[in-house]
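Subject: Structure handover

Hi,

Here is the structure I promised to pass on to you. My notes on it follow below, so please have a look at both when you get a moment.

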Amino acid sequence: MTQAPANLLAVRTLLLTHLDNAPGPDDLEPAEVGIVGDPAHRGGYHCGSDRVVTNDYSVVESPRDRAGLTLDAAALDVGGFDVRSAGRTHTLRSFSLWCVGQCVANAADTRDIREIIYSPDGTTVKRWDRLGKRSTGDSSHRWHTHISFFRDAIKGGRDQRPLFRRYLSSIGLLEENDMTPEEHAWLATVHRNLTVLDGRNPVGQIYTRMTMGEDATVQNYVPAHPTLKSLAAQVTALQTALTALAGRDFTDEPAIIQGVLAGLTPEKIAAAIPPTMAKQVADELARRLVA
């Protein structure tokens with residue numbers, strides 16, 4: 001029989017842990033977060049292999065779904081809530097728009113999401129579909145948001161909580177003490193950049209000595225400290241730009257600005273942006289794309 005997989009149960013638990021009994025007039029109740037369709041439900045991502053129908057869109061439209069079909073359901077429904085946190089109001093609508101914005105921006109932790117069916121205003125029903133197959137849904141999505149996951153991600157047991165942790169963190173209901181995988185990757189990039197610079201500038205030399213434990217004055221140094229990460233990356237990107245400008249003769253300010261920008265490739269700019277600011281930039285770009 002169709003069953004709720006462990007990775008979606010973990011998402012359900014995460015949301016209820018922080019949104020059930022949250023301050024505000026309407027918290028998120030357990031009955032409002034569902035995974036498996038009721039016994040009469042046939043077809044779609046709330047169904048496993050025993051309930052799919054002929055040419056079921058949740059199976060035939062993507063090789064990821066065909067390869068991942070099991071008895072596991074692959075969707076999550078989230079009902080209405082109205083909570084207060086960090087001086088702001090957060091609702092199902094703002095949650096849905098935030099999630100869609102992250103999908104539009106192709107954030108790394110959204111790539112297992114196939115679709116989101118939601119209402120931005122309680123009247124119009126919209127659907128974000130990674131495959132671009134459809135754009136709306138039935139009227140029940142005025143009061144709940146449906147999130148489908150590619151079946152291979154569910155079958156593989158991939159953790160789907162990072163996106164929802166980021167949402168809860170962004171509204172002040174979850175304090176993240178550990179770096180995300182994206183932040184670890186970002187720090188690794190900074191490490192490589194500064195290590196390559198060793199012998200050519202003091203920052204690279206100091207950084208390399210610290211990470212190798214060769215500098216007795218910084219034995220307690222923590223490479224993951226966000227302020228130091230940001231400073232090191234910005235120094236790296238700016239030094240590269242300034243090196244490219246060395247020996248060139250500019251006669252006006254616009255030319256200087258253009259020269260600096262020309263030396264800052266997207267990769268270098270990305271490396272210089274701290275993870276917290278990167279998230280804010282992604283959120284803003286996503287908001288503009290959805291608007």
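Let me start with a pair of helices: H1 and H6 run roughly parallel to each other, because angles under 35 degrees count as such and theirs is about 10 degrees. Their axes lie 9 Å apart. On the H1 side, the contact is made by Ala10, Val11, Leu14, Leu15, His18 and Leu19; H6 contributes Arg161, Phe164, Arg165 and Leu168. Please bear in mind that this is a predicted model.

Leaving aside residues up to four places away in sequence, Phe164 touches Val11, Leu14 and Leu15, along with Phe95, Cys99, Ile147 and Phe149. Phe164 also belongs to the largest nonpolar core, which has 38 residues. Within that core, Phe81, Phe95 and Phe164 touch the most other members. Two or more core residues come from each of these elements: helices H1 (6–19), H4 (92–104) and H6 (161–170), and strands E2 (75–79), E5 (113–118) and E7 (144–149). As a general background, nonpolar side chains in soluble globular proteins tend to be buried together.

Next, the loop between H1 and strand E1 (33–34), where Leu28 is found. Is Leu28 buried or exposed? Its relative accessible area is 0%, so Leu28 counts as buried, the limit being under 20%. Not counting residues up to four places away in sequence, Leu28 touches Leu15, Leu16, Leu19 and Asp20, then Val33, and also Val78, Gly79, Gly80 and Phe81. The C-alpha atoms of Leu28 and His18 are 8.8 Å from each other, with the two residues ten apart along the chain.

In case you were wondering about the cysteines, the structure holds zero disulfides. For Cys103, the nearest cysteine sulfur is that of Cys99, 6.9 Å away, and a disulfide needs the sulfur atoms within 2.5 Å, so Cys103 is in none. Cys103 is buried at 3% relative accessibility, and Cys47 is buried too, at 0%.

Finally, the chain as a whole. The chain has 291 residues, of which 40% count as buried, and contains twelve helices and seven strands. Among contacts between residues at least 6 apart in sequence, 64% join residues at least 24 apart. The accessible surface comes to about 15400 Å², and 55% of that belongs to carbon and sulfur atoms.

Best wishes

Methods
Residues numbered from 1 in each chain as written. Predicted model: local features only at pLDDT ≥ 70, side-chain atom pairs only at ≥ 80, totals over all residues. Heavy atoms only, no water. Helix = DSSP H or I, 4+ residues; strand = E, 2+ residues; numbered from the N terminus. Buried < 20%, exposed > 50% of the residue type's maximum accessible area, 1.4 Å probe, protein only. Contact = heavy atoms within 4.5 Å. Areas by Shrake-Rupley, 256 points an atom, 1.4 Å probe, with all protein chains shown as cover. Core = buried A, V, L, I, M, F, W, Y, C linked by side-chain atoms within 4.5 Å. Axes fitted to C-alpha atoms, helices over the stretch in contact; angles between N-to-C directions. Parallel < 35°, antiparallel > 145°, perpendicular 65-115°, else oblique.
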